[in-house]
Amino acid sequence: MADYSFIDIHIHTYTTRAIGMQAKGGGEGASGYAGTIEELLPYMGEVGMTHAAMMNFTPVADMVDAAHARLPKTLTPEQRRAAEEPIRLQMVGRVQNRNVWTIDVARANPHLIACIGVDPVMDAETMAQEVHEKRAAGARGIKLHPEVQRVSINDPRLYPAYRAAQEEGMVILTHTGAFRGTDGSHAHPSMAADLLRAFPNLKLILAHLGGHGFQKEALQVADAFPQLLFDCCGSVRSREGGMSDDELVGLFRRLGVHRVLYGSDWASGDPASDVERVSRLPMSAEEKRMILRSNAETLLEL
């Protein structure tokens, strides 16, 4: 293991092992863990992870579709609208309950950082209120997964959350790129330009260095918006077809090392092997510290 302590800006935690396994597609992934707090806390000590940002969100799009499909086919349009509203409210409650759990876990464990979810199942007022209320309760950021939530990064329905996050100084971390067979059309890095034009002080992080295969577009938006940040979640992992050490270092420096934060996607990813690789990259010790720790310390005011 490398002699570097680090902050993980991108992990996922779950209330039970069964839920974590389901979220990971039924497998434990590279880490061998399901994502429970009981697994995470000792693991952090083992690998030198001093803080971890829980990027927790509730994927309600499929749940909404399934609930709608169970409604009687004979309903009139007016009846269907009336029947769909309780479903919507139920899903809003699920998002809110998940956010409460994340904040409670972070409050009980000071080295964990709560980042909540929002979803367009919420109306504009509810979404903005959720961000403000959860920030007051201790949340530090918002996690979006456009490919799973089936809403584009620059969809105006998410703007109440962006506006509230900018007002509160909260971080937004969004998945970018494809995911489990999707084409990445909801999560293209170029969409960040719309957000940063509308909300120039937004603390926006594009996960996965803008998405596998989208690095060219990520560089273009990075050049246009120097406030834009990136995490290297999944990109450091050694795998067939991945970047070589020189390619990875070149991309870090082209984006700006001061704009890159380390993330693992634990419990799917394994930070131990990632940090070991970063420690061996042909970069200065200061550059490695920036990616693994100091950039996150500055962003999160740790």
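Predicted model: local features only at pLDDT ≥ 70, side-chain atom pairs only at ≥ 80, totals over all residues.
How many bridges pair strand 5 and strand 6, and in which sense? Strand 5 and strand 6 (residues 203-206) pair in the parallel sense, over four bridges.

Residues are numbered from 1 along each chain as its sequence is written, and side-chain values use heavy atoms, with hydrogens and water left out.

**View 1**
Strand 5 covers residues 171-174. Helices (H or I, at least four residues) and strands (E, at least two) are DSSP runs, numbered from the N terminus. Two strands pair if DSSP finds at least two bridges between them. Strand 4 (residues 141-144) pairs with strand 5 in the parallel sense, over four bridges. Here isoleucine 142 stands opposite isoleucine 172. Glycine 141 has valine 171 as its bridge partner in strand 5. Towards strand 6, threonine 174 stands opposite leucine 206. Val171 and Leu173 point one way from strand 5, Ile172 and Thr174 the other way, and all are buried. Buried means under 20% relative accessible area, exposed means over 50%, and partly exposed lies in between (1.4 Å probe, protein chains only).

**View 1. Strand 5, helix 8 and strand 6.**
These three elements make a right-handed β-α-β unit, with helix 8 at residues 192-198. A crossover is right-handed if, with the strands pointing away from the viewer, the path from the first strand over the helix to the second runs clockwise.

**View 2**
Strand 2 (residues 49-55) pairs with strand 3 in the parallel sense, over four bridges. In that pairing, alanine 52 has leucine 112 as its bridge partner.

Isoleucine 116 has isoleucine 142 as its bridge partner in strand 4. Glycine 117 stands opposite lysine 143. Gly141 and Lys143 point one way from strand 4, Ile142 and Leu144 the other way, and all are buried. Strand 3, helix 5 and strand 4 make a right-handed β-α-β unit.

**View 2. Helix 5 against helix 7.**
Two packed helices are described by the angle between their axes and the distance between the axes. Helix 5 (residues 124-137) and helix 7 pack at an angle of about 25°, with their axes 8 Å apart. Axes are lines fitted to C-alpha atoms, for helices over the stretch in contact, and angles run from 0 to 180 degrees between N-to-C directions. Helix 5 and helix 7 are therefore roughly parallel to each other. Angles under 35 degrees count as roughly parallel, over 145 as roughly antiparallel, 65 to 115 as roughly perpendicular and the rest as oblique. From helix 5, the contact includes Met127 and Val131; from helix 7, it includes Pro160 and Ala164. Contact means heavy atoms within 4.5 Å.

**View 3. Helix 7 and its end.**
Helix 7 covers residues 159-168. Its buried residues are Tyr159, Pro160, Ala161, Tyr162, Ala164 and Ala165. They pack against helix 5, strand 4, strand 5 and helix 8. Glutamate 168 also belongs to helix 7. Glutamate 168 counts as partly exposed because its relative accessibility is 30%. Leaving aside neighbours within four places in sequence, glutamate 168 is in contact with His132 and Arg135. Just after helix 7, glycine 169 takes a positive phi of about 70°.

**View 4. Backbone exceptions.**
Most residues other than glycine have a negative phi, and most peptide bonds are trans. Arginine 180 has a positive phi of about 45° although it is not a glycine. Arginine 180 is found in the loop between strand 5 and helix 8, and counts as exposed because its relative accessibility is 56%. Glutamate 301 has a positive phi near 55°, in the segment after helix 12 (285-300). A cis peptide bond joins tryptophan 266 and alanine 267, with omega about 20°. Alanine 267 is found in the loop between strand 8 (260-261) and helix 11 (271-280).
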